[in-house]
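I opened my notebook to look through a new structure, piece by piece. Here it is, so please follow along.

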Amino acid sequence: MSSLIAYAILTGIFIGLYYSFMALGLNLIFGVLRIVNLAHGDFIMLSAYFAFWIYFFYSFSPLISLLIITPVFFFSGLALYYGIVKKLLKSKDSEMTSFIAFFGLSMAIESLTFIEFGASYRSLPLNFLPISYVTIFGFPMSFIIIFIGLFSVAAILITFFYLNNTKLGRSTKAMMSSKETAMAYGINISLVFALTFAIGLTITSIAGVFSPYIFGSIYPNEGVLITIIAFSIIIIGGLGNPIGTVFGGLIYGIIISIIDVYVPSWAYMFTFIILVVVIIIKPSGILGVNIREI
Amino acid sequence: MKFEKELKSVLGVIVFFIIFYFLGPYFYSNQAFFVTMLLFATLTLSFNIIYGFTGYLPFGYAAFFGLGAYGFGIGVKFGLNIMLSFLLGILLSVGLSVIFLPMLRLKGAYFAIANLASFEAVYYIISNQSLTPITGGPYGLSTSSVFSPNIVYLISLILLIVIIVVTYIIKKSNFGLALKSIRDDQTTSILSGINVSLYRGIAWIISALFAGAAGALYGWYLGFFYPEAVLSITFTIFIITFTIFGGSGTILGPIIGTLLLYGIYDMVGVSFSEYFTLIFGLFILILMLFLPNGLKDILKKYFRRELP
């Protein structure tokens, strides 16, 4: 029994690292632009379909398709920012307005995918890595999960390096803590907004390519579920706090993989319950400051 | 004089719906369309009580509607009479809204997301295989043993009239005024001596009550339903679009939104539902970009009139 739990925790750590990475883009965009990208899960799904499509027609492995997908998402992010988000940010209640607008976008993406690919479940090939199993502490572990976990760590570290050691990244961090002060110091807000939105979507698209291996398959209406999972993670870790996201992802990954071992048919329901409970007890997240009112 | 004008338009709408009820089926023989229209108008107005008046945006609103249908279906399954089954539907929906009460302490996007998540949780519980003996699980429930479309049609009309009157009363009362002040500024409302948590709680429960009743009627009318048929996020998309397009917080806005948009939806054809999710999704996006207050804005800008 105890070895079962140890196994679940070990898997949970690797999956949790992926979850942290998956939610990072959402948190980055919220932290800087203060808008909620409700279509987050749909971008993940879209990127996974993109990788599937590239594999289907050209048999490129997901790692190669990343080279095509990331620039596409980066530039779509810029286009989306200048086309839609910029106008939304100017509206009176920008948080709620953009929230409803992204809800609409999410529905549109979902149905477009449905029209294009149909409702069937798709998956990506497992054989792009040289080995399929490794043994850690005596447990046979699927190598792809470990690979994705380590890849996520690398990607998270690169993102933090960008935030801490480049001029634009430091401007981004300054914007997260205080928009007004950042403006007073002469930071080009519009540029930082646009870049953050584009980088957020790029990170999301990278996570999206690996999503079929974590969620098992791709289907058009998985977006809502993924958005809610990503939300649970960033709310556990604190909205607008990138380091908290890593923490939230690990907690979530471990809890879900333990539940998955014992009561698999209820696993996703626990996602929703965890979110609702955390949001009611401490909506600012475990690492966040208090924001609940009345 | 504004008072009388508003009363007039409310009476006008009620008369319109009564005429609609009798004459509609002569022009268009699809009764399901009229029943759904009346139920959607009810659902949109009940959504308006919480969103329009208090500003809370429940993305999981379809949970109340779905539980209404399920309460009715479970009642029928276990041999209750129609009246009790109907009440069970309302009871489940109101019960759920009471469980969700603590969520109202959250604001803005937090509330909306928490509500969406709880909707998904309700969906997973209802459609779970292990609850098949009660809820029918993924296989759904049948209410065909009490199928009586004409009665449902009549009750839908009565329910719609009741909620129009209720919305009017709320709008005119101090209660409605308090709700609006909660929407605009909670802290100031508290300082003015408004019992914020009590008032918004009451609004929430009234809203869930009508949504549950509409859901129970829908479940009754369908005769057979499975989880996706009544517990679908499509309902949330519909009512949010209808309400925002017509103008939230008004009495006529949600009704006009439903009549126009659902009319168009049905006219163009329901067979390609994915295209409609696409069109409605883009429509919401465009509304938020250019007309965040819907028709209300157009009336104000070009005709200098307030939508009652």
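My entries below go from a whole chain down to single residues.

**Ground rules.** I noted that this is a predicted model, where local features need pLDDT of at least 70, side-chain atom pairs count only at pLDDT 80 or more, and totals for chains, interfaces and linings use all residues. Residues are numbered from 1 along each chain as its sequence is written, while chains are lettered from A and ligands numbered from 1 in the order in which they are written.

**Chain B as a whole.** I began with the secondary structure, and chain B has 15 helices and 2 strands. Helices (H or I, at least four residues) and strands (E, at least two) are DSSP runs, numbered from the N terminus. Next I looked up the box around the C-alpha atoms of chain B, and it is roughly 55 × 45 × 35 Å along the principal axes. The radius of gyration of chain B is 19 Å, which agrees with the value near 19 Å for a compact globule of 308 residues. That radius is taken over C-alpha atoms, and the globule rule is 2.2 Å times the number of residues to the power 0.38.

I then checked burial: 53% of the 308 residues of chain B count as buried. A residue is buried if 20 or more other C-beta atoms lie within 10 Å of its own, exposed if 12 or fewer, and partly exposed in between, with C-beta atoms placed from the backbone. For contacts in chain B with a separation of 6 or more, I found that 76% come from residues 24 or more positions apart. Two residues are in contact if their C-beta atoms, placed from the backbone, lie within 7 Å.

**The core.** Which residues touch the most other members of the largest nonpolar core? I found A:Phe197, A:Leu275, B:Ala114, B:Ala214 and B:Leu217, in a core of 205 residues. Helix H10 (residues 196-222) of chain B gives the largest share of this core, 17 residues. A nonpolar core is a set of buried Ala, Val, Leu, Ile, Met, Phe, Trp, Tyr and Cys residues joined through C-beta atoms within 7 Å.

**Where the chains meet.** The contact takes 37 residues from chain A and 39 residues from chain B. On the chain A side, H4(A) supplies the largest share, 16 residues. I sorted that side into 27 nonpolar, 5 polar and 5 charged residues. Here Ala, Val, Leu, Ile, Met, Phe, Trp, Tyr, Cys and Pro count as nonpolar, Asp, Glu, Lys and Arg as charged, and the others, Gly among them, as polar.

Strands E1 (residues 133-136) and E2 (residues 139-142) of chain A run antiparallel, joined by 4 bridges. Strands pair if DSSP finds at least two bridges between them. I saw that A:Ile136 has A:Phe139 as its bridge partner. The hairpin leaves 2 residues between the strands, and A:Phe137 in the turn has a positive phi of about 50 degrees.

**Two loop residues.** A:Arg34 is not a glycine, yet has a positive phi of about 60 degrees. I found A:Arg34 in the loop between helix H1 (2-33) and helix H2 (40-58) of chain A. Is A:Ser59 buried or exposed? A:Ser59 is exposed, because 9 C-beta neighbours lie inside 10 Å. A:Ser59 sits in the loop between H2 and H3 of chain A.
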